[in-house]
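Student: I would like to go through the labels on this model with you and ask what stands behind each one.
Tutor: Gladly, let us take them one at a time.

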Amino acid sequence: MDSIDHDILFHLRKDGRLTNVELAKRVGLTPPPCLRRVKRLEEAGVIAGYRAVVDPAAIGRGLEVLVDVEVSATDRATVRAFEETVASYDEVIEFRRLFGRPDYFLRVAVADHAAYEAFLTVRLTGLPGVLRTESHLTMKKIKAV
């Protein structure tokens with residue numbers, strides 16, 4: 001990857017809907033070589049996809065909660081079942097297994113506090129292997145990807 005590739009990635013991260021003509025103009029290329037570079041970045045897996053950024057409040061998911069989860073299970077079957085179940089929850093918008101403590105990090109988007117309480121008490125804490133959860137409410141989003 002050279003500086004032009006990095007420039008292409010910079011502009012696509014800012015606006016993934018740029019036309020090839022506009023992108024080429026911004027990085028100082030003509031459209032055909034710019035398109036070839038974008039295709040090469042896609043084929044190499046550098047560009048993994050494109051997505052729409054949706055306003056959570058507009059779809060009734062205005063409350064975002066960060067959740068630390070510690071599990072007591074160490075057997076693979078329980079861990080696998082826990083991960084598959086949590087990953088399937090529509091409310092979970094990000095799910096990571098961590099080194100050290102906590103074992104997992106979740107970003108959960110729900111309508112309000114009552115919806116989060118229901119998610120936490122009915123869906124999450126009742127799962128086999130869940131030892132402890134800790135919820136963190138966001139005061140202010142400073143930077144988002």
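Student: Why are helix 1 and helix 3 called roughly perpendicular to each other?
Tutor: The axes of helix 1 (residues 3–14) and helix 3 cross at roughly 80 degrees and come within 11 Å. Angles of 65 to 115 degrees count as roughly perpendicular, under 35 as roughly parallel, over 145 as roughly antiparallel and the rest as oblique. Helix 1 and helix 3 are therefore roughly perpendicular. This is a predicted model, where local features need pLDDT of at least 70 and side-chain atom pairs count only at pLDDT 80 or more, while totals for chains, interfaces and linings use all residues. Residues are numbered from 1 along each chain as its sequence is written, and side-chain values use heavy atoms, with hydrogens and water left out.

Student: Which residues of helix 1 and helix 3 meet?
Tutor: I4, D5, I8, L9 and L12 of helix 1 meet C34, R37, V38, R40 and L41 of helix 3, where contact means heavy atoms within 4.5 Å. The residues of this contact are seven nonpolar, no polar and three charged. Here Ala, Val, Leu, Ile, Met, Phe, Trp, Tyr, Cys and Pro count as nonpolar, Asp, Glu, Lys and Arg as charged, and the others, Gly among them, as polar.

Student: What makes E91 count as buried?
Tutor: Buried means under 20% relative accessible area, exposed over 50%, and partly exposed in between, with a 1.4 Å probe and protein chains only. E91 has 15% relative accessibility, so E91 counts as buried. E91 sits in the loop between helix 4 (76–88) and strand 2. Leaving aside residues up to four places away in sequence, E91 touches R61, R107, V108, A109, V110, F119 and R123.

Student: And why is G60 called partly exposed?
Tutor: The relative accessible area of G60 is 40%, so G60 falls in the partly exposed class. G60 belongs to the loop between helix 3 (31–43) and strand 1 (63–71). Not counting residues up to four places away in sequence, G60 touches V110 and A111. G60 and A111 are 51 residues apart along the chain, with their C-alpha atoms separated by 5.1 Å.

Student: What classes of residue make up the lining of the largest pocket?
Tutor: By class, that lining has 18 nonpolar, three polar and twelve charged residues. Of the 33 lining residues, R51, A52, V53, A144 and V145 lie nearest the centre of the largest pocket. Helix 1 gives the largest share of the lining, five residues.

Terms used. Helices (H or I, at least four residues) and strands (E, at least two) are DSSP runs, numbered from the N terminus. Axes are lines fitted to C-alpha atoms, for helices over the stretch in contact, and angles run from 0 to 180 degrees between N-to-C directions. On a 1 Å grid over the protein atoms alone, a cavity is a set of points where a 1.4 Å probe fits but cannot get out, and a pocket is an open set with protein on both sides within 12 Å along at least five of seven lines; lining residues have an atom within 4 Å of a point.
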